[in-house]
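Here are a few notes from my pass through the model. Have the structure open while you read.

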Amino acid sequence: MRISKTLLVIFTLLLSITPAKAIEVPATFNFQGTGYGHGVGLSQIGARGKALAGESANSILSYYYSGTQIVSLSDNQNIRVNIGHLLPQATLKSGVQGSVLNLYVGDVGEDLLAIPAASLTSKSGISFIQQGSKVSAYIVTGKNSQLIGTSPTWSTRWSGTRYLEGAPSTVSLKVNSKSVKYRYGQIQVKSVKAPIIGHRMEITNTVRIHDEYLFGISEVPSSWPTQALIAQGIASRSYALSKVGIPKRACDCNVYNNISDQAFVGISKEIEPIYGPMWKAAVQASSTSESTGEVITLNNLPITAFFTSSSGGQTETSVNAWGQERSFTTSVADPYSQDPVLNPRFFTWNRALDQAILAKAFLLIDVVSLSINSRNTTGTVATITATSSDGKTSTLRGETFRSRTQLPSAWFNLI
């Protein structure tokens, strides 16, 4: 039967507008891996295993930081620790009966003769609120509040510290519903202009590295073997000293109080029931005088002593992780990380990542497939590529992918 030209044209048009079969976009992708963290430098689980096997802190550190020397250096410098980032509001209050909390306009630094704008008792607190490019400070007593003033920067000191005489006391910094207590140093509140969102508050705790800072480092459980704790203390001191004198404008600080640098939790670490004194003693054990301590060095300078929770059985190099050569981060065997008794949570792990997380990580509209292109000699993923439903591809370094998606480590496989 012959088909007329008109019908043929209509039939052709209908075929041209019939939708192609849609490409399936998976809701999740599944991963299986081992280890936790970037894997560079000291393996904390490895240090624990070595300490249990009888190794000393110095032996542990020399193993994980190749070619370094441990020497005594001055560590009584102040370090500025960011304890509140990009905040619109925060409250500071003294929690000890009879204590004094002073508020100063500006950053008073080491000026012990600075005159406070207000002096508060333990029954009152200070509420800081970002208003435009400045921060307003209010004294809050019960349900009443009184404006003290507005300034780009404020400083606070409390009794029983190096900066203000009196009985030992603490202050609590409350952000939303979370409060953290600080015992040492002084606290600054500064308005800093952030990209896109505008001015926000950066809150910092200025403390002395030797004791005030190190006593608050919470990187490993205080119940761990003494030599593992001492090794962590020396690594943390070395890391801090490498950051002194390098201000970060974005946070008004030298270091953050989290995994961007190292965890700093104020006084809660040293007052932990039973085990808190063990951490404090470990820090003091690596102190060689009232103002010096053991430091990991290279060419007589403190190294940026990277550390990680655990690895995939072989530590990572800084070149593989971040593309930057650090001679002291050569890869070494790390079998304790693969011990299910020492590392029960991360000797093996499984994770499912949602579509939205992957699309955001690769900067694609969606992800329909993933492929591991290559691996480093340490076993980590070197590069991974995603393909979207519109045919575009995006490739990331393994460590960049891990960081963006919050996978435990770059030692992983696709399931």
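1. Leu86 sits in strand β4, residues 78-87 (strands, E, of at least two residues, and helices, H or I, of at least four, are DSSP runs numbered from the N terminus). With 33% relative accessibility, Leu86 is partly exposed (buried is under 20% relative accessible area, exposed over 50%, partly exposed in between, with a 1.4 Å probe and protein chains only).

2. Before going on: this is a predicted model, where local features need pLDDT of at least 70, side-chain atom pairs count only at pLDDT 80 or more, and totals for chains, interfaces and linings use all residues. Residues are numbered from 1 along each chain as its sequence is written, and side-chain values use heavy atoms, leaving out hydrogens and water.

3. Now the disulfide (a pair of cysteine sulfur atoms within 2.5 Å). The count is one, and the partners are Cys251 and Cys253, with S to S at 1.8 Å. The torsion about their S-S bond is about -75°, so the disulfide is left-handed. Cys251 is buried at 0% relative accessibility, and Cys253 is buried too, at 2%.

4. Have a look at helix α6, residues 276-285, where Gly276, Trp279, Ala282 and Val283 are buried. Looking down the axis of α6, these buried residues fall within an arc of 130°, so they line one face of the helix (the arc is that of the directions from the helix axis to the C-beta atoms). What do the buried residues of α6 pack against? They pack against α4 (209-213) and α5 (226-243), with contact meaning heavy atoms within 4.5 Å.
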